[in-house]
Amino acid sequence: MSNTDTAPGEVTCASSEFSGVLHPREVPLGGPRALLVRRTLPQRDRSMIGAWCFADHYGPHDVRTAGRGMDVPPHPHTGLQTVSWLFEGLIEHRDSAGVHAVVRPGELNLMTAGAGICHSEVSTPETTILHGAQLWVALPDAARDTDRDFAHYAPPPRTVGSATLRVFLGELADSRSPVHTFTPLLGAQIDLEPGAELTLDVDPAFEHGVLLDQGAIEVCGTTLAVADLGYQAPGVPSCGWPTAATARPGRSCSAGRRSPRNW
């Protein structure tokens, strides 16, 4: 990105005091005729939640009706990790480190770009419905040029009250992921029955984000719409998720990272 202003004004960067809900914007993934995703990070109000620097939500996308699925050609990354998480469909991953893997619903694929990697993601021919989230994690300066890597993990579902948890990164409610991250992180899928309410103890040093996939839930006193990202600042020892008494269960991805941002 270039700034063509010959005399740009100075801007002092500082942490945002934003606390609330980030609403998504639609972005074509890979070109003007590509699959549309709903992007909540980065935004002007808040560019990151801890080390989480990017959040896309897509689907349910009927590949048969739309005539296209995901087709992201080879492209480079550096200084980050990509988190692929699916609810429906299959995506084929290939990268320049020689990894060839399939992203499946409920299974984490974590690619570490480190000093540099190139990868592609294409939905498989048998996929009819494509539905998931793509998240990025910024690497700290000390690990920015680390080796390329790829990790796969299928977190076991765990029932907590009327909720089902799948913790794919970090630790929540006595569930811990073995996947290595370079900063303390939390990533989990939480499924709630209609009309249920869930409150979980969390690390008050973390800031948290809740991305709603389906249904209707309330975060910090605000009802989220699908693809909204609710933000909870550090200093709060618990997170609560009341759901609306509708016929559709609530499903969300929760992400957190220790604050302050010291990478």
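Author: Leaving aside neighbours within four places in sequence, Gln43 is in contact with Leu22, His23 and Arg25, where contact means heavy atoms within 4.5 Å. This is a predicted model, in which local features need pLDDT of at least 70 and side-chain atom pairs count only at pLDDT 80 or more, while totals for chains, interfaces and linings use all residues. Residues are numbered from 1 along each chain as its sequence is written, and side-chain values use heavy atoms, with hydrogens and water left out.

Gln43 belongs to the loop between S3 and S4. Strands here are DSSP runs of E with at least two residues, helices are runs of H or I with at least four, and both are numbered from the N terminus. From Gln43 to Cys53 there are ten residues in sequence, and their C-alpha atoms are 9.7 Å apart in space.

Arg44 is also placed in this loop, between strand S3 (36-41) and S4. With a relative accessibility of 85%, Arg44 counts as exposed; the scale sets buried at under 20% relative accessible area, exposed at over 50% and partly exposed in between, using a 1.4 Å probe and protein chains only. Leu22, one of the residues that Gln43 touches, can also be located relative to Arg44: the two C-alpha atoms are separated by 9.9 Å, although Arg44 and Leu22 are 22 residues apart along the chain.

Arg46 brings in a ring. Arg46 lies over the face of Tyr231, at 4.0 Å from the ring centre. The criterion asks for NZ of Lys or CZ of Arg within 6 Å of the ring centre and within 35 degrees of the ring normal.

Strand S4 (residues 52-62) holds Phe54, which is buried at a relative accessible area of 9%. The structure has two aromatic pairs, and one of them joins Phe54 to Trp136 in a stacked arrangement, with 4.0 Å from centre to centre and 15° between the planes. Rings of Phe, Tyr and Trp (its six-membered ring) pair if their centres lie within 6.5 Å, with planes under 30 degrees apart called stacked, over 60 edge-to-face and the rest tilted. Trp136 sits in strand S11 (residues 129-138), so this pair ties together parts that are 82 residues apart in sequence. The two partners fall into separate accessibility classes, because Phe54 is buried, while Trp136 is partly exposed at 21%.

Thr181 is found between strand S16 (175-176) and strand S17 (185-192), in the loop that links them. Not counting residues up to four places away in sequence, Thr181 touches Gln81 and Leu169.

The whole chain supplies the setting for these details. The protein chain contains one helix and 24 strands. Of its 263 residues, 50% are buried. Among the contacts with a separation of 6 or more, 70% come from residues 24 or more positions apart. The pair of Phe54 and Trp136, 82 residues apart in sequence, links S4 with S11.
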